[in-house]
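Morning, everyone. Let me put the model on the screen, and then we'll walk through it.

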Amino acid sequence: MSVIWTMIAKRLGLGVLTLFVISVIIFGATELLPGDLAQNILGQSATPETVAAFRKELGLDLPAYTRYFNWLFGALQGDFGTSLANKRPIADLIATRLGNTLFLALYAAAISVPLSLLLGILAALYRNSIFDRTVNAMALSSISFPEFFVAYILIFVLAQSGLFPSMSRMDATVGFGEALYRTFLPALTLTLVVTAHMMRMTRAAIINLLASPYIEMARLKGMKPMRVILKHALPNALAPIITVVALNLAYLVTGVVVVEVVFVYPGLGQLMVDSVSKRDFPVVQAVALIFAAAYVLLNLTADVLSTLSNPRLIHRK
Amino acid sequence: MKDTNPAKPVLLTLRDIHIEGRSEETWSPIIKGVDLTLHKGEVLGLIGESGAGKSTLGLAAMGFTRDGCRISGGTIDFDGIDLRAATEAQRRGLRGKRIAYVAQSAAASFNPAHKLIDQYSEAPVQHGVMSRAEAERDAVELYRRMRLPNPEEIGFRYPHQVSGGQLQRAMTAMAMACRPDLIIFDEPTTALDVTTQIEVLAAIRDIVAQFDTAAIYITHDLAVVAQMADRIKVLLRGDEVEEADTRTMLAAPKEDYTKTLWAVRSYARPVQPPVAKGTTPVVSVRNVTAGYGAADILKDISFDIHKRRTVAVVGESGSGKSTAARVITGLLPPRRGAILFDGAPLPADYRQRSRDQLRQAQMIYQMADTALNPKLRLRELIGRPAQMYLGLNGKALTDRIRDLLHLIELEPDKFIDRLPSELSGGQKQRIGIARALAAEPKFIICDEVTSALDQLVAEGILKLLDRLQSEFDLAYMFITHDLATVRSIADEVVVMQNGKVVEKGPKLEMFEPPHDPYTELLLSSVPEMDPDWLTKLLRERAAKAGKG
């Protein structure tokens with residue numbers, strides 16, 4: 001097992017390094033944006049003296065690297081600074097939004113991951129049958145439509161009839177069951193968007209193995225087709241499946257901007273869009289960093305799990 | 001055919017079996033009306049070249065066909081059950097329980113994700129023959145009978161933690177788990193070294209006899225089948241050539257085809273005069289130590305290869321033969337020692353060698369399948385080195401490619417624009433040779449070039465290499481584990497074990513006693529046509545061990 005711990009430590013180190021590089025890029029990118037922040041906030045009518053004073057207050061007169069490290073050390077301690085738009089601490093602002101985004105992502109994942117694994121396994125079992133073709137065609141059409149289109153179709157079909165709400169407003173008073181009900185449509189939209197990728201990877205990874213000698217051996221031992229797939233093919237197909245699942249989970253956290261906007265869902269994506277339009281750069285930086293961290297963390301988990309699924313790597317000779 | 005052994009009841013009867021394989025949109029015949037009768041406890045040897053349909057016929061005895069194949073005619077009767085008329089569920093109920101299968105490569109046929117014991121107990125538990133605990137106890141017993149080391153523990157290992165020979169025995173034990181009436185052995189020792197093969201052969205033979213299990217033993221190795229089978233059936237392109245009991249078949253084969261199979265091993269290259277003293281060898285390996293990571297794979301090895309001479313490097317897998325080739329070609333720079341070419345030292349790393357130095361030494365690989373880019377036509381495959389090393393272009397290049405195809409005895413007009421997938425195994429290997437020749441080298445490393453081929457095809461390749469050698473004054477380093485090949489093509493032999501050269505010298509001396517003990521073991525492990533060979537050998541070795 002020490003092999004695994006070394007590997008995890010190495011990957012964690014690399015992950016931290018990646019995040020560091022990303023933080024530099026995020027900070028650098030906002031630096032490059034044209035216009036002066038203080039000027040923007042105070043408006044064109046402000047005198048140069050007030051602008052200079054405000055710049056000093058914001059710390060904009062300091063050199064870029066000093067501001068970068070101040071920002072980075074703050075972020076490491078959970079302090080992302082204050083929003084320029086409403087003067088509230090960004091950490092507070094993000095906390096509820098992040099909770100909402102994770103809730104929606106987990107909700108969509110809880111539906112889409114089991115669903116796509118099941119469909120993928122069944123499609124592999126009944127490959128080239130009508131079932132297989134139907135599932136494939138449906139998955140491909142749902143992934144081919146843009147998210148907002150899928151969202152509006154769902155609103156048209158399921159919200160017009162009053163079955164589910166078309167707006168997913170959330171606040172502290174909403175209970176768990178009510179939250180599931182209110183976010184059903186966005187979760188379903190996301191499910192439709194990510195299922196195809198995971199399902200097709202599951203199917204392909206399994207079918208890819210069906211020509212292996214050990215699969216033939218299992219069949220020649222008289223094992224039932226379902227057992228051959230679940231017991232003999234699936235464990236060896238896990239690595240590629242895990243990778244694709246992780247990519248899609250990361251997408252569920254970071255790629256939901258459009259869906260959140262359509263359903264007026266108070267998540268991180270919407271916060272990001274709002275902040276960009278208000279030129280509230282500290283918030284944009286914080287959200288971008290969280291998105292990057294989600295990607296890095298999920299891919300790290302995927303790497304570790306793929307390794308764990310391979311006995312050749314954990315049980316050495 | 002007539003009932004050859006009326007003393008025992010018939011277990012399996014195949015009548016007029018036709019099997020077809022799908023290629024593109026048409027069905028072409030693989031098995032063309034073969035009959036087969038097997039009695040209880042009897043071992044039938046099925047032999048033939050690859051493509052003869054041995055495996056297909058063996059699997060048909062289980063009522064099984066691979067994807068893209070179908071049984072199109074005939075009847076299969078297993079102990080009163082019509083396997084063709086039976087439902088898939090009924091056939092599944094027989095497979096693993098009453099008819100078991102042992103595959104060619106145990107390393108590939110064990111599921112890498114599960115421990116041996118999990119795979120062992122699967123059939124008995126799923127078929128309801130015994131409980132998991134009973135199966136585990138039984139496994140230890142069978143592992144012991146298969147003479148596996150640590151029978152109590154070996155089941156709890158993963159396949160990659162067990163050696164090839166042990167895996168093959170574990171697979172035979174797994175096939176025995178439900179005490180089947182019939183086992184299909186599909187080339188079970190082909191992938192093993194000769195010394196390992198003996199142990200596996202002996203273990204299989206004993207266990208089949210102990211449980212009075214009937215078996216179909218599929219192989220292309222005549223000497224092996226002579227040890228294992230009561231009767232032999234010879235197949236050629238899906239047709240039966242002849243069938244007789246083993247001794248009759250070996251002593252007096254009736255058909256011409258069978259006679260050619262028996263005669264294959266007689267090819268031998270004429271003995272070359274010894275190299276004159278003081279001649280500079282083309283390649284000289286001097287005190288080379290090399291390895292990967294912390295381990296040394298090669299330990300201080302030295303040997304020379306002269307112009308127009310073939311040096312066979314023999315040894316079992318893991319002995320360092322291929323590593324030696326990697327050092328010579330510069331793929332693996334040695335830790336100590338040097339490679340001299342025509343007396344001048346070569347840079348250790350191929351990246352530091354000049355294009356001309358690279359051109360001089362070429363390589364032919366074991367698996368022609370994977371060594372040829374499947375997307376390139378022969379014109380490009382052979383033309384690329386001629387273009388790169390000799391700067392040929394346009395018509396000169398085409399002429400050169402045609403010449404090379406002539407040299408390897410392939411009709412240029414027919415072959416020049418083919419893809420590797422449109423060639424047979426032997427033809428692919430010929431392309432590998434042409435590609436090496438295209439660079440006009442002085443020295444060629446042949447890495448197990450015939451071990452993936454059938455004997456007749458391999459023979460053709462050996463003869464071709466031989467002819468090319470005298471035509472172009474080539475020096476060959478011939479890596480092989482097959483001593484029959486050594487006998488037919490080598491001038492000198494280098495025997496390797498655990499990264500060391502244990503013996504080297506002219507071929508004639510090598511095959512005459514006294515030998516180094518390891519060479520002795522290797523030589524005595526090569527199966528011979530005598531059906532009593534294995535029995536005698538085991539008795540001799542037991543006697544020696546008793547004395548020692």
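Start with a term. A salt bridge here is a side-chain nitrogen of Lys or Arg within 4 Å of a carboxyl oxygen of Asp or Glu. By that rule, three salt bridges cross the interface of chain B and chain A. One pairs Glu122(B) with Arg227(A), with the closest N and O atoms 2.8 Å apart.

Ground rules next. This is a predicted model, where local features need pLDDT of at least 70, side-chain atom pairs count only at pLDDT 80 or more, and totals for chains, interfaces and linings use all residues. Residues are numbered from 1 along each chain as its sequence is written, chains are lettered from A in the order in which they are written, and side-chain values use heavy atoms, leaving out hydrogens and water.

Back to the interface. How many residues does each chain put into the contact? Chain B gives 28 and chain A gives 21, with contact meaning heavy atoms within 4.5 Å. The area buried between the two chains is about 2400 Å², and carbon and sulfur atoms give 58% of that. Buried area is the accessible area, with a 1.4 Å probe, that two parts lose on being put together, summed over both. On the chain B side, Arg92(B), Glu122(B) and His160(B) lose the most area to chain A, together 25% of what that side buries.

Polar contacts: 11 residue pairs between chain B and chain A, both residues at pLDDT 80 or more. The cut-off is a pair of N or O atoms within 3.5 Å; within protein, one must be able to donate a hydrogen and the other to accept it, and residues adjacent in sequence count only if both atoms are side-chain atoms.

Which elements of chain B each supply at least two residues of the side that touches chain A? Strand 6 (99-102), helix 3 (106-109), helix 4 (116-126) and helix 6 (164-176). Helix 4 of chain B has the largest share, four residues. Helices are DSSP runs of H or I, at least four residues; strands are E, at least two; both are numbered from the N terminus.

Now chain B as a whole. It has 22 helices and 20 strands. Its C-alpha atoms fill a box of roughly 70 × 60 × 45 Å along the principal axes. Of its 548 residues, 54% count as buried, meaning under 20% relative accessible area; over 50% is exposed, and in between is partly exposed (1.4 Å probe, protein chains only).

Last, a backbone detail. Asn287(B) is not a glycine, yet has a positive phi of about 45°. Asn287(B) sits in strand 11 (residues 283-290) of chain B. Asn287(B) counts as partly exposed because its relative accessibility is 41%.
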